[in-house]
Amino acid sequence: MALRSTGAISMADINLELSKAAAAVISLNDSNARTLAAIASGAISLASFYGKSSAITIAVVSNVQNLNIKSAAIAAGWNGTSPITVNVTVNSGVIVSSASTGSPAVTTDTGWPAGCVINLTNNGIICGKGGNGGVGNTTWAVTESMNGTAGGVAISALQAIVITNNNIIGGGGGGGGGGDVNNDGGGCCGGQAGNPGSGGAGFGIGATSEQWSGPSPVTAPSGTATSGGAAYQSNINGGCCCTVNYGGAGGAGGGLGAAGSSGSPGYDNCIGTHLVSGVGSGGAAGACTQGNANITWVAPGNRYGALN
């Protein structure tokens, strides 16, 4: 908390504000004392510390990707070496997300000096990147690209952090798998390609796939911040002898902290629903946290995904 604005200030008060023992040896000319007083050089006195606080307050007021708390504290004026308290607040209505499933939406980063305190209050949404949907089967053989990809981590706690979650924190949803091809059960024509899978929650991208007849290509829905895209069926009929002949639906993207769904077999009205080659698997769920042992939860709020 801030030093008093009037009355007597002692060296012990300054030590405590700097997260030191009250009786620790200190000089007003020490770099951390000058940083606290915001006086880089020249005359300095105890009166220079009126109202000063070693805490840095970071308000996240608009949507942002890949929030690095350490980098944000340095950008706010911290010297990167003195013990400090950092108070981060994600405002209501704000989404903190990630550009990649390989990077968390929020990270503390590493290399903090001893004595630092990090507080995170979340009133918005913190979501890991959603996995992308898999492409529909177009080759009469199951391929790796048909599988939905895994979602990413919401918070990576590489340093001790205190979190008050008043809303939503969740790992990215897995992407949906691609649907199977369908041959024409009457044997007159080649049938229809499988449909693409949808993106997972956390803005995963729906896949795009070719169709063998009708409008092509087609694209499955992408995920939103908190919901995966719905299972996708283009309803493009590839039938001839069998008058109804659809490629299998692409799987739905998973919600926050949930796996995506696998694709579906195709259908025609000659022999019904049947598997021709195979479907893509749904992507795995992203974790809510990485380094949960470093987190003290004041309020858990709504958490989705594993607390790793």
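The structure is a predicted model, so to speak of local features pLDDT must be at least 70, side-chain atom pairs count only at pLDDT 80 or more, and totals for chains, interfaces and linings use all residues. Residues are numbered from 1 along each chain as its sequence is written, and side-chain values use heavy atoms, with hydrogens and water left out.

Let's start with strand 7, which covers residues 117–122. Helices (H or I, at least four residues) and strands (E, at least two) are DSSP runs, numbered from the N terminus. Two strands pair if DSSP finds at least two bridges between them. Strand 7 pairs with strand 4 (residues 85–90) in the parallel sense, over six bridges, and here Val86 sits opposite Ile118. Strand 7 also pairs with strand 10 (residues 161–165), again in the parallel sense, over four bridges; Asn119 stands opposite Val162 there. In a regular strand, side chains alternate between the two faces of the sheet. In strand 7, Ile118, Leu120 and Asn122 make up the covered face, while Val117, Asn119 and Thr121 are on the uncovered one.

Next come the nonpolar cores. Such a core is a set of buried Ala, Val, Leu, Ile, Met, Phe, Trp, Tyr and Cys residues joined through side-chain atoms within 4.5 Å. Buried means under 20% relative accessible area, exposed over 50%, and partly exposed in between (1.4 Å probe, protein chains only). The largest core has 30 residues, and Val96 and Ile126 have the most contacts inside it. Strand 1 (55–60), helix 3 (69–75), strand 4, strand 7, strand 10 and strand 18 (295–299) each give two or more residues to this core. Another core, of 10 residues, lies apart from it and includes Leu3, Ile14, Ala37 and Phe49.

There is also an open sheet of three strands, in the order 14-15-16, with antiparallel pairing. Its edge strands, strand 14 (245–246) and strand 16 (272–274), each pair on one side only. Three bridges join strand 15 (residues 266–268) to strand 16, with Gly266 opposite His274.

Finally, there is Asn68, in strand 3 (residues 67–68). Asn68 counts as buried because its relative accessible area is 19%. Setting aside neighbours within four places in sequence, Asn68 is in contact (heavy atoms within 4.5 Å) with Thr107, Thr108 and Asp109. Asn68 and Asp109 are 41 residues apart in sequence, yet 6.5 Å apart in space, C-alpha to C-alpha.
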